[in-house]
Amino acid sequence: MNGDRSFFHHVWLRDCCYCDECGDCHSSLRRYVPGLESLSIRPQSVKWDGSRLTVEWKPDAHRSEFSGEWLYTFRYDDKARAVRRPDSTFWDALLSLDDVTFDYALVSRDDQIRLKLHQCLISHGFVIVQNGPSSADGVLSFAELVGEVEQSAYGAVFDLTPGNAVGTAGTTLRAVPPHSDEAFAFNPPGIETLACVQPADEGGDSILVDGFRIAQKLRGDSPTGFDLLAKWNHHYVRRHGDTLDQRAHMPVIALDDDGEISGIRLHTRASAPLDLPEHVMENYLHAYHRLCAMMMAPENQIKVRLDSGDAIIFDNHRALHSRTEFSDRRRFLQICSVPREKFHQEYRLLAARLGHTAAANSVLRAGACR
C-alpha cells in the first residue's frame, strides 16, 4: 500500500493467522499454539490479488488470509516501527505553557480536543487544564479525562494540605525537591492529577522537570554514566514503624527494546544505601549526582502557579514534580492517579472511535517498570 514494500517472515505470518480455526488474539479463545513443529511449516502457495494475501501452508494445507490494510498496519520494518512509537517533545524552562494548556469545558465536551490533550500528555509528559471544578474532590473530574482513577494506600484522593494528619513531605510547608512519586513501589503511580482547591496567598507553586530531557542530556554528556543508571538498580525505601516497609530495587532510567528512554524513577528523599559492586559504585554515584544536579538546575525547571479550578495532569514516570515553600496554611491541593494501562486503553479507544487507526495502534511507553 502507498507504494511501500515490506518483508514478512513466513513464521510470523503463520503465527498471525486469526481465522476461525486458529482463533484471534483479541479474545481468550486463541487455539493455535506455536511449538517446535510449527517452525517447520512452509508456504505451499502464495497469492496476492492487489488487496489480499492468501497463503496455503505445508504440510497441513492450512489456509491463511491477510488483508493489505492489516499487513500495512502491522508491518515491522524500521520505518514502520518508528512511526508507531510517538515522539517525545523535550522541554526546559523556556517551554511556553500555552502549548500544553487546555480548557476544562472544551476538553469535557469535545472528543477531538480530548484526544489532543491525550497526545500532548504522551509527547510532553504533562498538561495543564484550567477553569475546572474547584470543589473538594474535583480532582476526580480532571483525572477522569484520561482514565479510571485507582485506589492508593491513601484512598482514591489524597489531600495535600498542612492540616492532613498523614505525615508526608506534601503535607508540610517546606519546599519539596523534584521527584517521582512512590519510587519505592514496584509499580509507581502512572498518570497523576494535581488539582487546586485553594492556592496559597504566596508561594506553593508547582515545579516540573522533564526527566526524559535531563536523562538524554546525560546520555550525550556521559554515555557511560547513562548506561550505569540504566543497567544497575537503585535502592528506594519507605518505612513506617512496624506497619509499613516498601522497597524497590529498580534502575533510575528504564529503556525500551530499542534502547530509547521509557521511564524515569528518581526520588532523592527515598534513596536508600546502594547495593552495588565496588567497581561500579564510584562511577555510578558520579552519574547519579550529575543527574540530580541537572534536576535541580533552574534552567531545567518550569514553574506553574495553579489557581482554584486548575490542575496539572502528568506522567509520573517522566515528569519530576516538586513545589516551592509557602506559609499560608489554607493552601489546599488534591492528588489522585490513573493507572498507566488505563490511560493507554482510554487513549486507544478514543483514537479508534474518532477514526485515528494509526494512533489507536501506537506503541506507548511502558514507563519505569520492568
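1. Starting with the helix pair: from α7, Ile214, Ala215, Lys217, Leu218 and Asp221 meet Ala287, Arg290, Leu291, Met294 and Met295 of α9 (contact means heavy atoms within 4.5 Å; helices are DSSP runs of H or I, at least four residues, and strands are runs of E, at least two, numbered from the N terminus). By class, this contact has 7 nonpolar, no polar and 3 charged residues (Ala, Val, Leu, Ile, Met, Phe, Trp, Tyr, Cys and Pro count as nonpolar, Asp, Glu, Lys and Arg as charged, and the others, Gly among them, as polar).

2. A word on the source: this is a predicted model, where local features need pLDDT of at least 70 and side-chain atom pairs count only at pLDDT 80 or more, while totals for chains, interfaces and linings use all residues. Residues are numbered from 1 along each chain as its sequence is written, and side-chain values use heavy atoms, with hydrogens and water left out.

3. Now the geometry. The axes of α7 (residues 211–221) and α9 (residues 278–296) come within 10 Å and cross at roughly 130° (axes are lines fitted to C-alpha atoms, for helices over the stretch in contact, with angles from 0 to 180 degrees between N-to-C directions). So α7 is oblique to α9 (under 35 degrees is roughly parallel, over 145 roughly antiparallel, 65 to 115 roughly perpendicular, and the rest oblique).

4. α7 also packs on α8 (residues 223–231), with axes that come within 5 Å and cross at roughly 130°. The contact pairs Ala215, Leu218, Arg219, Gly220 and Asp221 of α7 with Pro223, Gly225, Phe226 and Leu229 of α8. Its residues divide into 5 nonpolar, 2 polar and 2 charged.

5. The largest cavity holds about 100 Å³, and α10 gives the largest share of its lining, 3 residues. The second largest cavity has about 60 Å³; its lining includes Cys196, Arg305 and Leu333.

6. Of its 50 lining residues, Tyr154, Asp181, Glu182, Phe184 and Glu192 are the closest to its centre. The lining divides into 22 nonpolar, 17 polar and 11 charged residues.

Technical notes:
1 Å grid on protein atoms, 1.4 Å probe; cavity = no way out; pocket = protein on both sides within 12 Å on 5 of 7 lines; lining within 4 Å. Points joined across faces, edges and corners; volume = space filled by probe spheres on them.
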